[in-house]
Amino acid sequence: MKTENFDKVVIAEKPSVAREIAMVLGASNKEDGYLHGNGYAVTWAFGHLVGLAFPEEYGIAGFRKENLPILPERFKLIPRQIKSGKEYKSDPGVLKQIKIIKGLFEKCNRIIVATDAGREGQLIFGYLYSFIGCDKPCERLWISSLTERAIKEGFQKLQPGDKYDNLYLSARARSEADWLIGINASQALTISAGSGVFSLGRVQTPTLAMICCRMLENKNFVPEKYWQLRLATHKGEISFSAQSVERFCDKAKADLAGQRVMQSGKVSVTELVRKSVNQEPSLLYDLTALQKEANTKLNFSADKTLTLAQSLYEKKVLSYPRTGSRYISEDVFEEMPERIALLARYPRFAAYAGAMDTSSLNHRPVNGAKVTDHHALIVTEILPGELSNDECAIYELVAGRMLEAFSEKCIKEVTSAKLDSGGIMFLVKGSIIKFSGWRSVFNSKEEGEENTVLPELEEGEVLAVSSCENVEKQTKPKPLHTESSLLSAMEAAGKELENEEERAVMKDVGIGTPATRAAIIETLFSRGYIIREKKSLVPTEKGLAVFDIVKDKKITDIQMTGSWENALAKIESGEMDALTFHRGIEAYTAQITAELLNSQLSIASGENIPCPKCRKGRILFYNKVAKCSDPDCGLSLIHISEPTRRVVI
């Protein structure tokens, strides 16, 4: 490393972001692990360089009942670990970069934190700063896009570093809570199961419970048959049909009702309601809304959507993706005419964007009070260059939604008519779009929208019955969760709580955050707890077995999980002390650990083979390894001969 001092050191979350910042600052000289110039050194992390230490760092090895719960008096930080053989060791590349960063911090006068502007980005820097033992003053770069203009404006408005202390405390509280609950619950369940290794978590376990409950509800659902009459009639050249208001539980009664209709031979309009409906466009996307839409329309996983949005952010064509807000502030709204003019040069939206009247844009998505750390997802002032097909699809979702959100209302004429034939009541609805407004962006139709074109009907008018059909139907269960519906359930977890007070506490608070929900779902896949069947999320045998053990335990309590998210938000805003939250998590950890250890349930079936070495434990089977259940025995690395599963010592 060069020996010269730098006035300011900028640290970004990853090399690609550091390069963009360095270019704007004029730091074009390259060194190993950083760039420098114009009084700045710009360095980078690779995501989390430092994290919470494993239990082994506290002198606790193996899964032992007597060690639980593990509640460190003070959490230790260690460099990121990689697996080497049977053990974990510090990543050499990470150690090298930490050394470079430490050297730069020691030589500078001030540090500018340019990790991603959110809870996780603050944690990445906070853990590193603490691990290095640095006490240099910090400033914070807080931007919502990586364009040259945004970076320049951000450096002109650098914030005092201590303004984000509570954000770091919130992030650290979340990290330590996840460690306490994840480590202890996972070890306790594994010990109780007696075979295999299992994982539980603060958010992943309630999420698994949602998937399992929906699948079991769907599987155990008993459909009930019912019948409805479908009456066909016409006026002039326009034919239409209407459904009976009554659902008949008995086919014979439905047949009799149908006969009465046919014997009558006529149908009269008893009630007619026509109204004009002004339909506002949807709000702008936050991350969860984008993930839901991409899953529904493109069959993208939540994780894939986040990865693509992050890539577009780093290509400077999309604003910061990990946002939980669907609004923008007034100052950002002032830039919308420019962004819309940009889309007039983008082929797919050129005609629509070019024709928009930017002097009278829809103001509904503008509400500074509802903007959280970052405003809603919008396109930047830079037109995309070459994008992959998948990146293009995400960009067009965001760009199209932005055009929709600032467009005029869709105006529909909705008609609802009640009909009477032989004393049997029928209902028909129809709508005609008078002015498409925002719907013209994608020429979209509302899901389930009635597009029946009705003739000009009048109350009291009598029409001839063309036919009357008895249609057999049956009740349907709620469908299995897709990633889209699961994200909705996580986002609105409290709405299904029966207790009104608990529901009020959970209002607008889900489980997880927009930035973490995709990772939670991916964790359930990686643990082997769920699989995809087409678009549906289905629990595996292992997932159902875990759910069966934990379904009545506190670790699946959605209200509790949601209240933690609320508490973390309060720590961030300074309304709650992080230590108070930590003590509550420790008490909770002790309680769920005891619950799980007392379960004494075995997940795995299979042989109950005594250990040939110690004669105390029994053999636990893994893919290609078997071990003794007694951690003091040490018998391991045993080859399993399939299909007989003969133990070869």
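Trainee: Which residues is Gln204 in contact with, leaving aside its neighbours within four places in sequence?

Mentor: Contact means heavy atoms within 4.5 Å. By that rule Gln204 is in contact with Ser199, Ile520, Thr523, Leu524, Arg527 and Tyr529, once neighbours within four places in sequence are left aside. Before going on, note that this is a predicted model, in which local features need pLDDT of at least 70 and side-chain atom pairs count only at pLDDT 80 or more, while totals for chains, interfaces and linings use all residues. Residues are numbered from 1 along each chain as its sequence is written, and side-chain values use heavy atoms, with hydrogens and water left out.

Trainee: What is the place of Gln204, and is Gln204 buried or exposed?

Mentor: Helices (H or I, at least four residues) and strands (E, at least two) are DSSP runs, numbered from the N terminus. Gln204 is in helix H6, residues 204–220. For accessibility, buried means under 20% relative accessible area, exposed means over 50%, and partly exposed lies in between, with a 1.4 Å probe and protein chains only. Gln204 counts as buried because its relative accessibility is 7%.

Trainee: With which side chain does the side chain of Gln204 make a polar contact?

Mentor: A polar contact is a pair of N or O atoms within 3.5 Å; within protein, one must be able to donate a hydrogen and the other to accept it, and residues adjacent in sequence count only if both atoms are side-chain atoms. The partner here is the side chain of Ser199, at 3.2 Å.

Trainee: Where is Arg322 found, and what does Arg322 touch beyond four places in sequence?

Mentor: Arg322 is in the loop between helix H9 (302–314) and H10. Residues up to four places away aside, Arg322 touches Asp116, Leu287, Leu306, Gln310 and Ala515. With Gln310 there is also a side-chain polar contact, of 2.5 Å. Arg322 counts as partly exposed because its relative accessible area is 29%. Sequence and space can also be set side by side: Arg322 and Ala376 are 54 residues apart in sequence, and their C-alpha atoms are 9.4 Å apart.

Trainee: How many disulfides does a search of the whole structure find?

Mentor: A disulfide is a pair of cysteine sulfur atoms within 2.5 Å. The search finds 0. Cys213 is in no disulfide either, as the nearest cysteine sulfur, that of Cys212, is 7.1 Å away. Cys138 is buried at 16% relative accessibility, while Cys213 is partly exposed at 38%.

Trainee: How is empty space found?

Mentor: Rolling a probe the size of a water molecule over the atoms shows where empty space is left. On a 1 Å grid over the protein atoms alone, a cavity is a set of points where a 1.4 Å probe fits but cannot get out; a pocket is an open set with protein on both sides within 12 Å along at least five of seven lines; lining residues have an atom within 4 Å of a point. Grid points are joined across faces, edges and corners, and a volume is the space filled by probe spheres set on the points.

Trainee: How many cavities of 30 Å³ or more does the structure hold?

Mentor: There is 1. About 70 Å³ of space lies in the largest cavity. Its lining includes Val17, Ile21, Asp116, Arg140 and Tyr313.

Trainee: How much space lies in the second largest pocket?

Mentor: About 860 Å³. Of the 30 residues that line this pocket, Trp142, Ile143, Ser144, Asp331 and His375 are the closest to its centre. Helix H4 (148–156) and helix H10 (330–333) each supply at least two lining residues, and the largest share, 4 residues, comes from H4.

Trainee: What should I check in the backbone?

Mentor: Most residues other than glycine have a negative phi, and most peptide bonds are trans. In this model a cis peptide bond joins Leu68 and Pro69, with omega about -5 degrees. Pro69 is in the loop between strand S5 (50–52) and strand S6 (77–79). Asn299 has a positive phi, near 60 degrees, and is in the loop between helix H8 (287–298) and H9. Asn443 has a positive phi of about 50 degrees, in the loop between strand S16 (424–435) and strand S17 (462–474). Asn443 is exposed at 67% relative accessibility.
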